[in-house]
Amino acid sequence: MPILEKETARDQDSQMLPKVPVPPLQQTLDTYLKCVQHLVKEEQFKKTKAIVEKFGAPGGVGEVLQKKLLERRDKTTNWVYDYWLEDMYLNNRLALPVNSSPVMVFPKQTFRDHKDALRFAAHLIRGVLDYKALIDARALPVDFARGQLAGTPLCMEQYYRLFNSYRYPGLKTDTLKVQINAASSASKHIIIACKNQFFVLDTVANSKQLNETEILTQLEKILKMAENAKEGVPPFGILTSDGRTEWAQARDALTKDQTNRDSLALIESCLCVVCLDEPSGLEPRDTNRALLMLHGGGREKNGANRWYDKSMQFVIGMDGICGVVCDHSPFEGIVMVQCSEYLMKYITGSPSKMARASSIRELPSPRRLLWNCNPHIQGLLAASGDRLKRLVDNLDMDVFKFNVYGKEFIKKQRMSPDAFIQVALQLAFYKCNRRLVSTYESASIRRFQDGRVDNIRSATPEALAFVLSMTDERDTFTDSEKNRRLREAINAQTNYTIAAITGMAIDNHLLGLLRISKELNMEKPEIFCDETYLASNQFILSTSQVPTTVEMFCCYGPVVPNGYGACYNPQSDHIIFCVSSFWENTETSSAVFVKALNEGLLEIRDLCNRSSAVATKLADSSQGAGRPHISGK
């Protein structure tokens, strides 16, 4: 098993949480058919329905697998965790930047000079050390669910993986390792990337943590060392931006040399990576900052000033372009958000604690990591750089701030903001493509022990009925019919959301049944070979809500070549959308999608306003038609 991650000192709270359930087999099969029927051709659906019925028949294959899955649930803390982690992340061979690693984009910072940028970095590092101390003391307050079924306590295990996880590349599958040693032997160093060189910053000297002034002094030394071109080594970080198999092969080549093994060991055991980026030369608007966080601009800019295997990379650009890049395998976006918000509040709220010069200790210089190179490795570096350039040139990103309304307007319509936005995304997709497609919206299952996510399939039959009424050229639908369909689409979306967060969605369950069949060395059940199933797992629209309470936004790339990534951050009076796609695919265009999304959001608002006006008029006239209004009734 490629996951060596089992918590020893398990959180008291998480043991109180229930185990994630295994849904009833028939329920999952019925929901699956309902999810795909309107997305495939009629002939194909007939074939799929027969396959599914055979799979779920009494005494059939489905029942055998379900029984084994129920046994697995009894024996494990979380029956789906390892299956899901491997399927979603570790087995995926695509490069981490753009394809997998989400980023948090901070507001642009104003640095007058390098010293200002380093001060910000020192302040941020102090914040990281404080946040890590909270995690180590298990002193983080427990998260409680917001939105649907608010108030339930949530599993906190993901937080304990923020700073002590590392994703090793493998030829066929990656390995996520989590250090769970006692605090005494835990890592006490951070890796600083600067001008594509890597340096070790020890956070403790003579068993005392460095204060902010000492960190700043060390960062200034690092900057000076990095500017010494004579001692520079090739940009090894670029290897981590490559496909996982390519990087695994390159890492094997590197480890044949002791110097390289020592450098890798230091990176693989660090708390986090802090990337001090060169100015990008790009105008710092939202879209450009998002692109630079996602891929660093390739080797010409800061693309090699990264180490993508490490869970947390904090990026501080000398031009004020800052943010966080995460490997997604140890935790979800919400954990990255909570950590980022803590740091931004720490930086803006706590005055910079610069100590008096007299209290500053003489510290040994930070160490530059050394690498030995040979012509073979030089070739690998060049090839990785070429592949990163292609990825950079391919990403079509559009960060769109919709300013007309936000959550408040939606709540006034007595609708869930998340469900409303999901329906608007379906409308936008339909406007562009005249069809709906398999859609992924991540749903947290942290109500359960070690819970990660399941999928809300937002392209519901009710969403299709609504978008058809809104895009009908002959305009045959009345407002009241459109409004009824809108409410039905939102209700369907809300109900699916509730099913998913309570462990009753279908994606994890179907994956579990498939994996059990593999473990039993059975012939792959027909349901999983069917083209409907294969198509239903190609998420052309991959979406998630990542709300923040501090000014910042999250974004990521599409998960398939012909798809869109759509991350959104709803605020009270505006909504930030980050829409990504690939230029190489002619069917997709982020700008076209954003234009359709803007149109759709305005059309839905107008529909709601017209419907409210009619309702008010009706209420007034019915009151006027009755007896004179007597107050106090």
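The side chain of His-328 reaches the backbone oxygen of Phe-331 at 3.0 Å, a polar contact (a pair of N or O atoms within 3.5 Å; within protein, one must be able to donate a hydrogen and the other to accept it, and residues adjacent in sequence count only if both atoms are side-chain atoms). This is a predicted model, in which local features need pLDDT of at least 70 and side-chain atom pairs count only at pLDDT 80 or more, while totals for chains, interfaces and linings use all residues. Residues are numbered from 1 along each chain as its sequence is written, and side-chain values use heavy atoms, with hydrogens and water left out.

- You will find His-328 in the loop between β10 (322–326) and α11 (333–349); helices (H or I, at least four residues) and strands (E, at least two) are DSSP runs, numbered from the N terminus.
- His-328 counts as buried because its relative accessibility is 15%, and buried means under 20% relative accessible area (1.4 Å probe, protein chains only).
- Beyond its neighbours within four places in sequence, His-328 is in contact with Tyr-89, Ser-100, Pro-102, Gly-333 and Arg-452, where contact means heavy atoms within 4.5 Å.

**The α15 and α16 pair**

- The axes of α15 (residues 461–470) and α16 (residues 479–501) come within 8 Å and cross at roughly 155°; axes are lines fitted to C-alpha atoms over the stretch in contact, with angles from 0 to 180 degrees between N-to-C directions.
- That crossing makes α15 roughly antiparallel to α16, a label for angles over 145 degrees.
- Residues of α15 including Phe-466 and Met-470 belong to a set that meets residues of α16, among them Leu-486 and Ala-489.

- Gln-66 sits in helix α4 (residues 61–75) and is buried, with a relative accessible area of 9%.
- Setting aside neighbours within four places in sequence, Gln-66 is in contact with Val-22, Pro-23, Pro-24, Leu-25, His-509 and Leu-513.
- Cys-567 belongs to strand β17 (residues 564–570) and counts as buried at 3% relative accessibility.
- The C-alpha atoms of Cys-567 and Gln-545 are separated by 5.9 Å, although these residues are 22 residues apart along the chain.
- Not counting residues up to four places away in sequence, Cys-567 touches several residues, including Cys-554, Cys-555 and Cys-578.

Technical notes:
Buried < 20%, exposed > 50% of the residue type's maximum accessible area, 1.4 Å probe, protein only. Parallel < 35°, antiparallel > 145°, perpendicular 65-115°, else oblique.
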